[in-house]
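Please open the structure in your viewer and keep the selection tool at hand.

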Amino acid sequence: MKGFLTILLLVFSNTFMVIAWYGHLKFAEWKWFNKLGLVAIVLMSWGIALFEYAFQVPANKIGFKANGGPFSLIQLKLLQEVITLAVFAIFTLVVFKTETFKTNHIIAFVFLILAVYFMFKK
């Protein structure tokens, strides 16, 4: 159960992270947003990223073996990276409809999933 909860929290965390890091590129289509300066955009992104940390920190705390969780530190990090790329891929396809994934992108993603497999292999 702790493993599932950890992964769920990581998905929420990474959703906020992707919005904080890349959302402003889409928000630029809004007229009022273009009037904001870089400092305002950074502060808005930090505000969104606060929610990322609100999910990321508990995910790591619950999931870490030393705290009774099922994952080593390295496993947690690799899980987080693969979840980040999955969330980013979905975000890109849904929000930025002009972006497309090519064969090399898919192959790279498959290799990352294989990395997770080998990380958990005993």
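This is a predicted model: local features need pLDDT of at least 70, side-chain atom pairs count only at pLDDT 80 or more; totals for chains, interfaces and linings use all residues.

Residues are numbered from 1 along each chain as its sequence is written, and side-chain values use heavy atoms, with hydrogens and water left out.

**Helix 1.** Select residues 2-27, which form helix 1; helices are DSSP runs of H or I with at least four residues, numbered from the N terminus. From first C-alpha to last, helix 1 reaches 36 Å, close to the 38 Å expected (1.5 Å times one less than its number of residues). Then centre on Trp21, where helix 1 bends by about 45° (the angle between axes fitted to the seven residues ending there and the seven starting there).

**The core.** Next select Leu9, Leu10, Met17, Val18, Ala59, Phe71, Leu76, Leu79, Ile83, Val87, Phe91 and Phe96, the largest nonpolar core. Such a core is a set of buried Ala, Val, Leu, Ile, Met, Phe, Trp, Tyr and Cys residues joined through side-chain atoms within 4.5 Å; buried means under 20% relative accessible area (1.4 Å probe, protein chains only). Helix 4 gives the most to this core, with 5 residues.

**Glu52.** Finally, select Glu52 in helix 3 (residues 38-63). Which residues does Glu52 touch, not counting those up to four places away in sequence? They are Ser13, Phe16 and Met17, where contact means heavy atoms within 4.5 Å. Glu52 is buried yet has no salt bridge (a side-chain nitrogen of Lys or Arg within 4 Å of a carboxyl oxygen of Asp or Glu).

Notes: Helices (H or I, at least four residues) and strands (E, at least two) are DSSP runs, numbered from the N terminus. Buried means under 20% relative accessible area, exposed over 50%, partly exposed in between (1.4 Å probe, protein chains only). Lys and Arg count as positive and Asp and Glu as negative; His and the chain ends are not counted.
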